[in-house]
Amino acid sequence: MAGALGVGLLSLALSGCFYANTSQAPIATTYPYSEQQRMQAAHHWEILARHEASQILQRERVRFRDLHIKNPHPDGYVPYSGGEFDRGFRTFLTSELVTRGANVTTAAGGNSVDVIVEVEIVEHRDRGFIRPPTGAFTALTAGIAVATIPINHWAEPALGLIPAGIAADVFSGSWTYTGNEEIIITTQVIDGDRILYSSSNIYYINEGDRRQYAPQRVHYPDPAIPLTDTW
């Protein structure tokens with residue numbers, strides 16, 4: 001008992017010294033626990049389009065304007081071939097806006113504003129340790145503990161894995177690996193040089209899905225001009 005008390009007092013003293021001492025550089029710490037969703041289905045694009053359409057039409061300066069969902073077309077690159085997300089999301093956004101009664105036009109006009117969607121891909125190349133999902137260690141240790149029960153009490157040891165399997169089925173659906181690929185999707189409504197609406201959302205993506213979000217620019221070379229000595 002005395003030994004345990006001594007260890008506790010020593011730990012408390014050391015923790016005090018930890019904060020009392022100085023450091024030559026800031027000590028790395030973590031952000032508060034947060035969650036970030038992963039996009040890996042066209043249905044997820046539809047959900048985002050539904051959210052953006054609702055938010056856009058809540059803006060007084062936008063609600064009664066004609067909305068022109070702009071199709072990017074960089075100079076010198078014809079045609080512009082965006083990823084599947086670019087085409088799919090603009091289609092979903094058009095449908096959601098029309099369903100909500102918005103005036104969506106196929107060409108810019110005098111009363112129209114441009115709806116622009118941009119995607120930025122973020123690739124992390126040197127991430128440090130990332131904490132496992134909340135409850136992962138608890139579920140693991142609980143499963144190990146449950147698995148030891150039949151050794152002493154049940155006739156069939158394999159039955160001890162059933163509770164752990166149930167727990168895994170309940171919680172595993174909300175877990176996914178973090179990965180190194182993220183996207184920032186920004187939707188803006190622009191009137192000339194004024195930004196009337198802007199919304200940015202961050203998602204994880206699967207590494208193999210990168211091409212769905214990266215624009216593919218197809219450049220057609222200038223047609224060759226035949227040379228002749230005839231005037």
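Modeller: Helix α2 passes helix α4 in a right-handed crossing. A crossing is called right-handed if the near helix is turned clockwise from the far one by less than a right angle, and left-handed if it is turned anticlockwise. The model is a predicted one, in which local features need pLDDT of at least 70 and side-chain atom pairs count only at pLDDT 80 or more, while totals for chains, interfaces and linings use all residues. Residues are numbered from 1 along each chain as its sequence is written, and side-chain values use heavy atoms, with hydrogens and water left out.

Two packed helices are described by the angle between their axes and the distance between the axes. Here α2 spans residues 42–56 and α4 residues 84–99; their axes come within 8 Å and cross at roughly 45°. That angle makes α2 oblique to α4; angles under 35 degrees count as roughly parallel, over 145 as roughly antiparallel, 65 to 115 as roughly perpendicular, and the rest as oblique. The axes are lines fitted to C-alpha atoms, for helices over the stretch in contact, and the angles run from 0 to 180 degrees between N-to-C directions. Helices (H or I, at least four residues) and strands (E, at least two) are DSSP runs numbered from the N terminus.

From α2, the contact is made by Ala-42, Trp-45, Glu-46, Leu-48, Ala-49, Arg-50, Glu-52 and Ala-53, and from α4 by Glu-84, Phe-85, Gly-88, Phe-89, Phe-92, Leu-93, Glu-96 and Leu-97. Contact means heavy atoms within 4.5 Å. By class, the contact of α2 with α4 comprises 10 nonpolar, one polar and five charged residues. Ala, Val, Leu, Ile, Met, Phe, Trp, Tyr, Cys and Pro count as nonpolar, Asp, Glu, Lys and Arg as charged, and the others, Gly among them, as polar.

Another residue of helix α2 is His-51, which counts as partly exposed at 36% relative accessibility. On this scale buried means under 20% relative accessible area, exposed over 50%, and partly exposed in between (1.4 Å probe, protein chains only). The C-alpha atoms of His-51 and Glu-96 are separated by 9.0 Å, although these residues are 45 apart along the chain.

Turning to the sheet, α2 lies across β1, β2, β6 and β7 and runs at about 155° to β7. Strands of a sheet pair through backbone hydrogen bonds, either parallel or antiparallel. In this model six strands form an open sheet in the order β1-β7-β6-β5-β2-β4, with mixed pairing. Strands β1 and β4 (103–105) stand at the edges with a single partner strand each, so one side of each is left without a neighbour in the sheet. Two strands are taken to pair if DSSP finds at least two bridges between them.

Strand β6 is mostly covered, with 10 of its 11 residues buried. This strand is also joined by 10 bridges to β5 (residues 112–123), and the two run antiparallel. Ile-184 in β6 is the bridge partner of Glu-120.

His-68, which lies in strand β2, counts as buried at 13% relative accessibility. Leaving aside neighbours within four places in sequence, His-68 is in contact with Thr-105, Thr-106, Ala-107, Ala-108, Val-113, Asp-114 and Val-115.

For the setting of this part, the chain has eight helices and eight strands, and 25% of its 231 residues count as buried. Among contacts between residues at least 6 apart in sequence, 75% join residues at least 24 apart.
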